[in-house]
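Subject: Structure for your review

Dear colleague,

Please find below the sequence and the structure that I am handing over to you. My notes on what was found follow directly after.

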Amino acid sequence: MAEPLIAVHDLYKHFPTRLGGMLSRRLGYVRAVDGVSFEIHRGETIGLVGESGSGKSTVGRLLVRLLDPTRGEIVFDGHSLAGLTPAQLRPLRRHMQMVFQDPFSSLNPRRTVGESVGYPLKVQRVCRSKRELQERVHQLFEVVGLEPYFMNRYPHEFSGGQRQRIGIARALALNPQFIILDEPVSALDVSIQAQVLTLLQELQERFRLTYLFISHDLNVVEYLSTRVMVMYLGKIVEVASAEELYRQPLHPYTQALLSANPPLSPDDTSTGRIVLRGEIPSPLAVPSGCRFRTRCPIAMAQCAAVEPPLLEAAPGHHVACHAVV
């Protein structure tokens, strides 16, 4: 098998928390990402799903080094990102881009959208002249289905769907190999969501892109993803192909998420919703053993004592659950 484009090994991100005031003291650590490992292969779309607070967006920001990991290794296209300075990261960053959830706040309101799309080109000094820069921005607007004369307008003049297309154009500016899509359609109307998702698929085929698609909407993830990773409280608890995971989820958490998902088809014959008890625990004080056990309907005594490893339960289908593996 070909080498993965992204390889993540035992990745952690812990945020220290302090009690405020002049004599502030450390209270502990928010364990946002707590030892995850995975690979992303060229040309595929990996869906990353889970409730709010599971650590999904933190993983995305770690991959492009918007956040520095507490420990662990990220290898991009054969290059380890550990310990690289900003200057050393710069040539690699042009190949890794991100599209954010809120298309309005991710654009500078004081810049025209053309300036925002062209900004990465200026930072990386890609274009040799102002004319070449303008021509490249013009081309990017056409690629994402926007009229080039929009370049001189400001973000507030656009709809949410148009702003997200502008964000996608900016991400494409440097011809990246890998794009992280962090809830890119969650702020859009359903009809606009479909248009943006179709655009993302077309762009992936046209430019041979690799995606990490972060979302809480499992219907959207199923539509776009090749494989899916399910995350709970800083840990990956299940990984499988999209077809396999939606057909036969193995982890109780995945089963609960899918049961709460509105069916796409009126002919859907799935059983009733699984209601989880309680709320997701604080990442400041994660439960011992399996961190899902406090809400799990099939928790056993072993679950409190031993953290289940992520093991292969079926070919290509990994799950972290004592009751399954």
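A residue is called buried when its relative accessible area is under 20%. The model is a predicted one, and the residues of helix H3 that are buried are Val-113, Gly-114, Ser-116, Val-117, Gly-118, Pro-120 and Leu-121. These buried residues pack against H4 and against helix H5 (160-172).

Packing of H3 and H4

Two packed helices are described by the angle between their axes and the distance between the axes. For H3 (residues 113-123) and H4 (residues 130-143), the angle is about 115° and the axes are 10 Å apart. The crossing of H3 past H4 is right-handed. On the H3 side, the contact is made by Val-113, Gly-114, Val-117, Gly-118, Leu-121 and Lys-122; H4 contributes Leu-133, Arg-136, Val-137, Leu-140 and Phe-141. Sorted by class, this contact has 7 nonpolar, 2 polar and 2 charged residues. Just after H3, Arg-125 adopts a positive phi of about 55°.

Helix H1

Helix H1 (residues 56-63) is largely enclosed by the rest of the structure, because 6 of its 8 residues are buried. The buried residues of H1 are Lys-56, Thr-58, Val-59, Gly-60, Leu-62 and Leu-63. Just after H1, Arg-65 has a positive phi of about 60°.

Nonpolar cores

In soluble globular proteins, nonpolar side chains tend to be buried together. The largest nonpolar core here has 59 residues, and Ile-168, Leu-172 and Leu-200 touch the most other members. Leaving aside neighbours within four places in sequence, Leu-172 is in contact with Arg-136, Leu-140, Val-143, Val-144, Ile-179, Leu-203 and Leu-209. Another core, of 30 residues, lies apart from the largest one and includes Ile-46, Leu-63, Val-64 and Met-98.

Cysteines

How many disulfides does the structure hold? The count is 0. A disulfide requires two cysteine sulfur atoms within 2.5 Å. The closest cysteine sulfur to that of Cys-296 belongs to Cys-321 and is 6.1 Å away, so the pair is too far apart for a bond. Likewise, the sulfur of Cys-303 has its closest cysteine sulfur in Cys-290, at 5.7 Å, which is too far for a bond. Cys-296 is buried, with a relative accessible area of 7%, and Cys-303 also counts as buried, at 9%.

With kind regards

Notes:
Residues are numbered from 1 along each chain as its sequence is written. This is a predicted model: local features need pLDDT of at least 70, side-chain atom pairs count only at pLDDT 80 or more; totals for chains, interfaces and linings use all residues. Side-chain values use heavy atoms; hydrogens and water are left out. Buried means under 20% relative accessible area, exposed over 50%, partly exposed in between (1.4 Å probe, protein chains only). A nonpolar core is a set of buried Ala, Val, Leu, Ile, Met, Phe, Trp, Tyr and Cys residues joined through side-chain atoms within 4.5 Å. Contact means heavy atoms within 4.5 Å. Axes are lines fitted to C-alpha atoms, for helices over the stretch in contact, and angles run from 0 to 180 degrees between N-to-C directions. Helices (H or I, at least four residues) and strands (E, at least two) are DSSP runs, numbered from the N terminus. A crossing is left-handed if the near helix is turned anticlockwise from the far one by less than a right angle, and right-handed if clockwise. Ala, Val, Leu, Ile, Met, Phe, Trp, Tyr, Cys and Pro count as nonpolar, Asp, Glu, Lys and Arg as charged, and the others, Gly among them, as polar.
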